[in-house]
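I opened this model to look up a few places in it. My entries follow the order in which I checked them.

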Amino acid sequence: MVDFEDDPRALGARGHRRSVSRGSYQLQAQMNRAVYEDRPPGSVVPTSAAEASRAMAGDTSLSENYAFAGMYHVFDQHVDEAVPRVRFANDDRHRLACCSLDGSISLCQLVPAPPTVLRVLRGHTRGVSDFAWSLSNDILVSTSLDATMRIWASEDGRCIREIPDPDGAELLCCTFQPVNNNLTVVGTAKHNVHVVNISTGKKVKGGSSKLTGRVLALSFDAPGRLLWAGDDRGSVFSFLFDMATGKLTKAKRLLVHEGSPVTSISARSWVSREARDPSLLINACLNKLLLYRCVPMEGEVRHRESAHRRDSIFCPLMSFRQGSLLTGSEDMCVHFFDVERAAKAAVNKLQGHSAPVLDVSFNCDESLLASSDARGMVIVWRREQK
């Protein structure tokens with residue numbers, strides 16, 4: 001995979017550039033080299049040297065950090081149809097959305113009690129395959145098997161715009177460009193990646209590329225300069241994204257495993273003081289989760305092979321704890337893993353679903369976790385407060 005061109009420390013949470021002195025960069029670079037050279041060969045980040053960040057989390061183990069008090073609420077409005085995507089709103093503890101193969105999207109509010117479904121967005125004529133929140137949470141974009149993308153206003157549920165795919169292909173995944181939310185990237189069943197301007201409803205000139213299979217997963221790096229796309233033939237492609245024009249330039253191809261669909265990609269900058277390597281978490285249907293450092297470096301944890309599209313994520317506050325990630329599984333459980341353990345990486349398991357778990361999502365402070373399954377059930381779990 002390709003390295004990041006710019007240091008993500010120079011960018012703020014919304015992509016605004018900070019001023020950092022040259023001397024600060026030189027000092028930090030020396031510190032980073034010293035830590036990197038002390039790593040054992042083949043180690044997976046974050047490293048054992050990351051003591052400062054761990055001190056910020058307190059003297060607790062991963063098992064203690066990710067102990068759960070039980071179910072907070074169960075949403076069943078989409079029962080009998082799979083819910084392939086569930087997502088908390090950005091920087092929000094209590095607003096949640098999920099999409100279903102019944103063709104609708106639900107917007108839910110968890111507080112005040114009892115949790116409620118605020119509104120159901122209807123308009124797609126076939127199943128909704130994916131959706132994404134804009135940075136300010138005022139807009140949602142959704143993709144569907146009916147070959148259209150829709151733009152929604154989250155405040156009142158209005159469909160602002162419907163954008164058909166020019167090739168009439170099923171749309172399988174989508175993501176906002178993290179800095180410029182006027183641009184959205186979609187993946188199609190005809191092997192294409194398109195950058196779409198949601199204001200005009202048109203594809204960006206030079207913003208399309210062909211992959212080797214159906215595009216199932218998309219992920220940007222935090223600054224929005226690198227895009228990764230995974231397909232159903234086991235390949236992950238990296239693209240350079242032109243911030244000014246939206247043009248895509250294909251960089252490299254990584255063959256994860258021939259014929260094993262890449263169902264999710266999660267990019268993380270690992271922005272702790274000691275562990276700065278950007279990393280990719282890749283879920284592929286070959287009985288493994290794959291963790292890559294962008295140099296490359298690979299680590300593996302195992303779970304049961306799945307016939308469903310399934311997603312895995314980094315825990316959002318991982319920078320201040322030992323490395324942890326979670327995934328849904330074919331065994332109807334949500335699994336937590338410690339990426340530093342060479343053996344017995346599993347640290348916790350949540351049971352309660354009656355069908356394979358397809359997606360998982362933490363809220364911004366990790367107090368609540370949502371998981372969805374192939375029978376349309378969405379469970380919100382409450383983490384124990386220490």
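I count two strands as paired if DSSP finds at least two bridges between them. Strands themselves are DSSP runs of E with at least two residues, numbered from the N terminus.

The model is predicted, so I note the limits: local features need pLDDT of at least 70, side-chain atom pairs count only at pLDDT 80 or more, and totals for chains, interfaces and linings use all residues. Residues are numbered from 1 along each chain as its sequence is written, and side-chain values use heavy atoms, with hydrogens and water left out.

Entry one, a hairpin. I found β16 (residues 235-241) and β17 (residues 248-255) paired in the antiparallel sense over 7 bridges. I looked up F237 and found R253 in β17 as its bridge partner. Between the two strands lie 6 residues, and G246 takes a positive phi near 80° in this hairpin.

Entry two, D359. I placed D359 in strand β26 (residues 357-362). Is D359 buried or exposed? D359 counts as buried because its relative accessibility is 0%; buried means under 20% relative accessible area, with a 1.4 Å probe and protein chains only. I then listed polar contacts, meaning pairs of N or O atoms within 3.5 Å; within protein, one must be able to donate a hydrogen and the other to accept it, and residues adjacent in sequence count only if both atoms are side-chain atoms. The D359 side chain makes one with the side chain of R87 at 3.0 Å and one with that of R85 at 3.4 Å.

I located P84 in the loop between β1 (68-75) and β2 (85-88). P84 has 12% relative accessibility and therefore counts as buried. I also checked P84 against V360: they are 276 residues apart along the chain, and their C-alpha atoms are separated by 9.7 Å.

Notes. Helices (H or I, at least four residues) and strands (E, at least two) are DSSP runs, numbered from the N terminus. Buried means under 20% relative accessible area, exposed over 50%, partly exposed in between (1.4 Å probe, protein chains only).
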